[in-house]
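Please look at the sequence and the model shown here before reading on.

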Amino acid sequence: MKNRRDRIDIIISILESIEEDGQKSKPTHVLYRANLSHKLLKKYLQELEEKGFISFNEDKTILLLEKGKMFLSELRKMKRFMDMFNL
Amino acid sequence: MLQYIFSPRWFYGIDIVFELFSIVVVAMIARYGHMLYGVTHNKKHRYFSVFFLLIGIAFIFKIISNFNIYYLETGSINIENSVFYFQTSHISEILFTIGFSIFRFLMAMAFFGLLFINWKTERGMFYLCLYFIVLITIFSHSAYFVFHITMVVFMTGILAYYLKRNAAKTPRNMNLLLTPVAFFVLLLSQMFFILTFMNLVMYVIGEVLQLAGFLILMYEYVLVRRYEK
């Protein structure tokens, strides 16, 4: 149960670290900021790319797309909801 | 058929409006809980959504039952503080009995479910409680307060959980107190429902408090939706 709960935190930290870098970030920056293993980060980035929240540039940097920004905003609201209902 | 009703005549239909509003609130929370589950894949969030949805479905059955008794009645007598209604329609009797039993069962299930997911009780305990909920549903038909006492017990458990969790959190955020306050108000409403045998006004107070409880939950939902970081 604990790991599942952490999923939302992981996604928020990935998207926030890209956002903090001005919507464009190097994978290593995200790796350190989100405090994830390489394998786990790869898995999440792949999922976020498939859903159209991020994209990869030719220079391998990660770009936060408009849909990703909106998703991050929604995730923050969901986190707030979880806090309020102690979920 | 002889039926027992708790609402004063002037309150007919008003409680239905209150419950319609409560359905909207719990439906919004259930929907958001379902959206949350879509992201987290956490079963607790799915159950949270399902149990809130159950509250809404329970209210639908209560509305059907109340509508049935309020508008299809053919005669009534007043004995002290209690109003007894006579109905000639056999279908109405069946509808009332089934509708109110389903309402009580679903409501008890929903609040027990919310208690269960928070306290993470053993699975065996869940089935034992399910058995008791069925018994309570059956017996509360003749002794209505059994149902409301059960609800008080469940809501006290939920309230205790929220208070325990919030006490551990620092710094204190006043908004986090809204959920325990909402459940406390809902608990109070059940206490007033128990006292309905004393005076029908208790039913009105219970309904108003119940509405207030769901209003607080709605306010919480609005706060979440407007939240911007």
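**Where the chains meet**

Across the interface of chain A and chain B, nine residue pairs, both at pLDDT 80 or more, are in polar contact (a pair of N or O atoms within 3.5 Å; within protein, one must be able to donate a hydrogen and the other to accept it, and residues adjacent in sequence count only if both atoms are side-chain atoms). On the side of chain A that touches chain B, the elements giving two or more residues are α1 (2-20) and α4 (66-84) of chain A; helices (H or I, at least four residues) and strands (E, at least two) are DSSP runs, numbered from the N terminus. The element that gives the most to this side is α4(A), with twelve residues. By class, this side of chain A has eleven nonpolar, two polar and nine charged residues, where Ala, Val, Leu, Ile, Met, Phe, Trp, Tyr, Cys and Pro count as nonpolar, Asp, Glu, Lys and Arg as charged, and the others, Gly among them, as polar.

This is a predicted model: local features need pLDDT of at least 70, side-chain atom pairs count only at pLDDT 80 or more, and totals for chains, interfaces and linings use all residues. Residues are numbered from 1 along each chain as its sequence is written, chains are lettered from A and ligands numbered from 1 in the order in which they are written, and side-chain values use heavy atoms, with hydrogens and water left out.

In total, 22 residues of chain A are in contact (heavy atoms within 4.5 Å) with 32 residues of chain B. The size of an interface is often given as the accessible area lost when the parts come together. Here the buried area (the accessible area, 1.4 Å probe, that two parts lose on being put together, summed over both) is about 2700 Å², and carbon and sulfur atoms give 63% of it. A:Met84, A:Phe85 and A:Asn86 supply 29% of what chain A buries against chain B, more than any other three residues.

Next come the charged pairs. Between chain A and chain B there is one salt bridge (a side-chain nitrogen of Lys or Arg within 4 Å of a carboxyl oxygen of Asp or Glu). B:Arg225 forms a salt bridge with A:Glu74, their closest N and O atoms being 2.5 Å apart. Within chain A, A:Glu19 forms a salt bridge with A:Arg76, at 3.0 Å between the closest N and O atoms. This pair links distant parts of the chain, since A:Glu19 is in helix α1 and A:Arg76 in helix α4, 57 residues apart.

Helix α1 of chain A also holds A:Ser13. The side chain of A:Ser13 reaches the backbone oxygen of A:Ile10 at 2.8 Å.
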